[in-house]
Amino acid sequence: MLKRRSDVYSVEIYGTKDLQKTEIEDEEEKHKDQKGNKKKKKAEDLKKELDLDDHRLSTSELEMKYGTSIDKGLSSARAAEILARDGPNALTPPKATPEIVKFLKQMIGGFSILLWIGAGFSWISFGIQLAQGVDSAFDNLYLGVVLALVVILTGIFAYYQEAKSTNIMASFSKMIPQQALVLRDAEKKELPADQLVVGDIVEIKGGDRIPADIRLIFTQGCKVDNSSLTGESEPQSRSCDFTHENPLETRNIAFYSTTCVEGTATGIVINTGDRTIIGRIASLASGVGNEKTPIAIEIEHFVYLVAGVAISIGVLFFIISVSMRYKILDSIIFLIGIIVANVPEGLLATVTVSLSLTAKRMAKKNCLVKNLEAVETLGSTSIICSDKTGTLTQNRMTVAHLWFDNQIYSADTSEDQTTQPFDQSSPTWTALSKIVTLCNRAEFRPGQENLPIMKRVVVGDASETALLKFSEVILGDVMSIRAQNTKVAEIPFNSTNKFQLSIHETDDPQDKRFLLVMKGAPERILERCSTIMINGKEEPLDSEKAEAFQTAYMELGGMGERVLGFCHLYLPENEFPETFQFDTDSMNFPTSNLCFVGLLSMIDPPRSTVPDAVSKCRSAGIKVIMVTGDHPITAKAIAKSVGIISATSETVEDIAKRLNIPVEQVNRREATAAVVNGMELKDMSSEQLDAILREHAEIVFARTSPQQKLIIVEGCQRQGAVVAVTGDGVNDSPALKKADIGIAMGIAGSDAAKNAADMVLLDDNFASIVTGVEEGRLIFDNLKKTIAYTLTKNIAELCPFLIYIIASIPMPIGTITILFIDLGTDIIPSVALAYEKAESDIMNRRPRNKRRDRLVNQQLAVYSYLQIGIMQSVGAFVTYFTVYAEQGFLPSTLLGVRVNWENNAINDFEDSYGQQWTHYQRMYLQWTGYTAFFVSITIQQVADLIIRKTRRNSIFRQGLFRNKVIWVGIFSQIGIALILTYGLGHVTALNFTPLRFQYWFVAVPFAILIWVYDEIRKLLIRRHPGSWWDKNMYY
Amino acid sequence: MEAAIICNLRVHGQGENKHEEKVQDPDREKHEPKADMGSKTWADLAGEMKIFLWNPEERTCLGRTAKSWGLILLFYFIFYTCLAGMFAFCLYVMLLTLSPYTPRYRDRVSPPGVMIRPYLNGFTIAFNVSQPNTWQPYVDSMHHFLAAYDDKVQEEKNIECVPGQYFIQGGSDSEEKKACQFKRSLLQNCSGIQDPTFGYSRGQPCILLKMNRIIGYRPGAGVPVSVECKVQKGNESHLRSVDFYPGNGTFDLMYYPYYGKFTHVNYTSPLVAMHFTDVQRNHLVPIQCSLHGKGIINDLNSDRFLGRIIFTLSIGK
């Protein structure tokens, strides 16, 4: 529980379930004790262990017991003492899998097994050859050692990567530690939850996770979700009363790690850290179900594919070579070569690196990915169910419209407003602004003068905050205006009055009258008015003006905005002299016949980036569904303003209204949009819901409960969609878990939601999800490119073996040389492809179909293996034959020469010109051949790298130089090749020799051919979409 | 307004709680590890495979219809034909640039390596004097090898040259070159003329040493390359005397340079015969014979046949 499986950032690449098994089994044994007979036994164990009596004690006894005070809390010094004694309030991580086991697991996963087999065969043949006294026996020993080294090194790399990811995750959790509101030294403080000690007085409220075991001493409508402890999903209410002997059943204890669903409570910490109930249930602390994400499945599929190819070609050629009367031992050596040539040793490391790079990139863009593979899942998302508040909107009320002087004015609602553009010359506005300023209890927290107004923290409710900021923007220093107009009396808002009222002295020293200002629900305010201010003049409120008011009110309300009415009255000086004592209880002042001044309407405006993001989703084939608890009108208004409901589409109700017919007669199919009320949803069968989800492209669910969110998610999944869901509340957790990808809000999200989610949006912004989708699609594409790039040269490595066996030519490329390509020259270029920018159409495509669109599909494999790979082989063979021919062995001489060529007793081997060669001279020439072959593959891989930048677009459209990392890759590739050839050319064991300079260019025509051919392929794909060519050549 | 206040409370409540904690939701553990992909039974797999191999409904084999197969095979036929054409063209162009008489580079084949005759499966020459069947194969091999050096043959095909200087023949590359005579009789006691057993019958075996041919190579840079033999590792007294023929065991300069097998058709490599007249009997005597001369390398660890050769003599009674 403490420790998420450590491979958060490393992909579950090896996909070998048996690897996991050991771990799972370990845990299962533990589980069998406590989980096997689950709840019952667990409860029994607990009962036995629990010697808690705190729930029986009274408050004062508790104070005594823990040496604390309910009013003052602990002193900091005392708390520090206890902390030193008990240790931090955190669970000791469960005993992790021993590092050595983790390490060994990396050693045997995936391709490693194949390579171990290769190494084993090498050693066996070394043993046999040594016994036979063959001189070259040690080559096989070296080869085995090198293969083992490769496995160990890649294993170490994967292990390191995993360890690093664990650290990344750890650092993230440090960055955002759980906080607890604690009373210490008679002050309320926010402390990190792990600093809590026994005896602390803590306050909790809805949405919080309980920071320790707590004996409650004060509660208000408090309910907790004990599902993590008991499995009961119904929230249970909590009070201060001792209701049950069993501490687990009694109501006055709240347990660590459970969640407070609603209400507030105060309590004394009675247990911390490992001594909490949860801490005692050790089994809960370990083991997380390990579901395979789409990308993990894809990679597993790919590993199977490549391993299958390797093994079948290996076995096939083993049979062929045996039937061609090769010695068994030789055949085994061929088999090793074929396996090594087929396995892309460096690829899995590359994939991991690419995925972590994306995760880092996404973290920069405010998407914190908890589970790396989720990135890709996000890319295949086809429906996003988004919250409204905070995700689509800015999560703060903002004044959107004003109505005075019989006219509606619009206000600026953007995030960073500094002025308001509407006409402020009217004296009515002056009066209105005064009411807005004065009849307001909200205040800025001090010390924020330097912050932009919109960013300042305000003490007060949402509407008042909106009004305060609005007037601060327009009038400047609101607090000093209030100071000049001293408040003498005030009636705060309450639900019976539905108004707020205050009485002020005026800032005009001549004017001794008091000013009564009032705001509230417009119809209530209007009731209390007899006049209305038009252009600064009070005019009687006749029916015509009342009508105008109604129209404006309806219009503003219809936009989903919350409307407030404002009125004022200058109290006559004679009746209310300066010394008059206002009594708010008896209301010894007039509250009717006031002067109506104007209306202000507020809304939580959409984030400015959202409309763009929504339209991006639309073009990306992703359906955006809004799910909100808000009123349908508000929901619809916001949906329209962000484009979830497009400007032209209508709901059934709209059509009915337009055609003036009853709703029932409207053809439902005509309505593209739908606003579904939570009440309707409740009565719907799942078929009806399916019908709605199917028939309408634009859907808004309003007045929904979080539980209904789960129903909606399930409905979407029934349509076969990959669903992403955003959520913040505790109750969203089921939906977040159910969804293919749960996205929690980083700012507003509760801890439960964050835990259930696969991804955390650090800025709560819907647009960041779209960025995530884009990154997800991009990494899928780029991984395709990386794999295509890597697979290609496998053929160029494999063909030499096959031709060597069949045509008996001298070996064109050595096994060790192959490893230098796979793990040397090719690594950086293949990582570089992860930096490739999207091809322009990435967000215009439909989402990936999980079943059909594989990472490695037939086209990719066939195109890489049978076309580009073969071209590379041909290019490399031309170099090979050139090197041999220029040294005296013409191609015709080379055929069938193998046995004598490799016979180390023949030291006067004749070439095509009659010259005679010793065995070592031939071997040295053979290594020159290896080097030439290697260089040719490297050169052609440069071309391969360039063509893999795009799959459809022309390279020139993508830009050769936009991805600088590709060039780093190309230079590194050539640099490594140069070092190997000329730097290490004298180390015999590596089989590299210095190469004549011109041989670097023999394969260049083929490199160009590869490029040109691929450009033609892409051109034809673009020209003839859907054609035979497109179907067979587009990967 | 009321709604506003409630809403506000909610927002604040969540705001306070924005921190992700280290502990994770225990609920997650309740998930059973998801059933693996591999949970399909073998029967299912076999069924799928069968459909994949031949789908009678859509009449597809390996996922393609006959027409589709036809098209794809046609494509690959054309594709590979073009590639093969390009491959052949490249090789053709490359071969055009090569001279048929002299390879472009000779750096890998020089300096010359050394071989011995008789050579029968390895470099150990072991026989018992008293058992002719143990040395007869060596003798046969020698005779066979020396057939080309018969004086008659040599006189018929080759010319006599001026000893002590390189036999440099000008003219164009394609002109046929003359070869110098190397008569078997030059090998004297090892010629097999007087003693058709090459000394094997007396326990004094002859072994022929030849230097690898390299086109244009002029060994010794003006001074003939000589041969020297000694015991390699072991008691030096085991090898008491060796006679060399012809001369003092030198390769005469007149046999060089070599012009390649197309123009220098009748070229016969000069030989040095080593007559091991006094070798310790009943012992394995490892012998290293090496070339000496300017430009000759005979101490390269990795190549034990470069400028030297190591073989073992084991002469029994």
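**Reading chain B and its cysteines**

Mentor: In chain B, 74% of the contacts with a separation of 6 or more are between residues 24 or more positions apart, a contact being heavy atoms within 4.5 Å. This is a predicted model, in which local features need pLDDT of at least 70 and side-chain atom pairs count only at pLDDT 80 or more, while totals for chains, interfaces and linings use all residues. Residues are numbered from 1 along each chain as its sequence is written, chains are lettered from A and ligands numbered from 1 in the order in which they are written, and side-chain values use heavy atoms, with hydrogens and water left out.

Trainee: How many helices and strands does chain B have?
Mentor: Helices (H or I, at least four residues) and strands (E, at least two) are DSSP runs, numbered from the N terminus. Chain B has five helices and eleven strands, and 45% of its 317 residues count as buried, where buried means under 20% relative accessible area, exposed over 50% and partly exposed in between, with a 1.4 Å probe and protein chains only.

Trainee: Which residue is joined to B:Cys161, and why is the disulfide left-handed?
Mentor: B:Cys161 is joined to B:Cys180, with the sulfur atoms 2.0 Å apart. The torsion about the S-S bond of B:Cys161 and B:Cys180 is about -105 degrees, so this disulfide is left-handed. Both B:Cys161 and B:Cys180 lie in the loop between helix 5 (151–157) and strand 5 (206–211) of chain B, so the pair ties together parts that are 19 residues apart in sequence. B:Cys161 is buried, and B:Cys180 is buried too.

Trainee: Where do B:Cys190 and B:Cys206 lie?
Mentor: These two are joined by a disulfide, S to S 1.8 Å, which is left-handed, with -75 degrees about the S-S bond of B:Cys190 and B:Cys206. B:Cys190 is in the loop between helix 5 and strand 5 of chain B, whereas B:Cys206 is in strand 5 of chain B, so the pair links distant parts of the chain, 16 residues apart.
Mentor: The torsion about the S-S bond of B:Cys229 and B:Cys289 is about 110 degrees, so the disulfide is right-handed. B:Cys229 lies in strand 6 (residues 225–231) of chain B and B:Cys289 in strand 10 (residues 285–292) of chain B, so the pair ties together parts that are 60 residues apart in sequence. B:Cys229 and B:Cys289 are both buried. When the bonded cysteines of chain B are numbered in sequence order, the pairing reads 1-2, 3-4, 5-6.

Methods: A disulfide is a pair of cysteine sulfur atoms within 2.5 Å.
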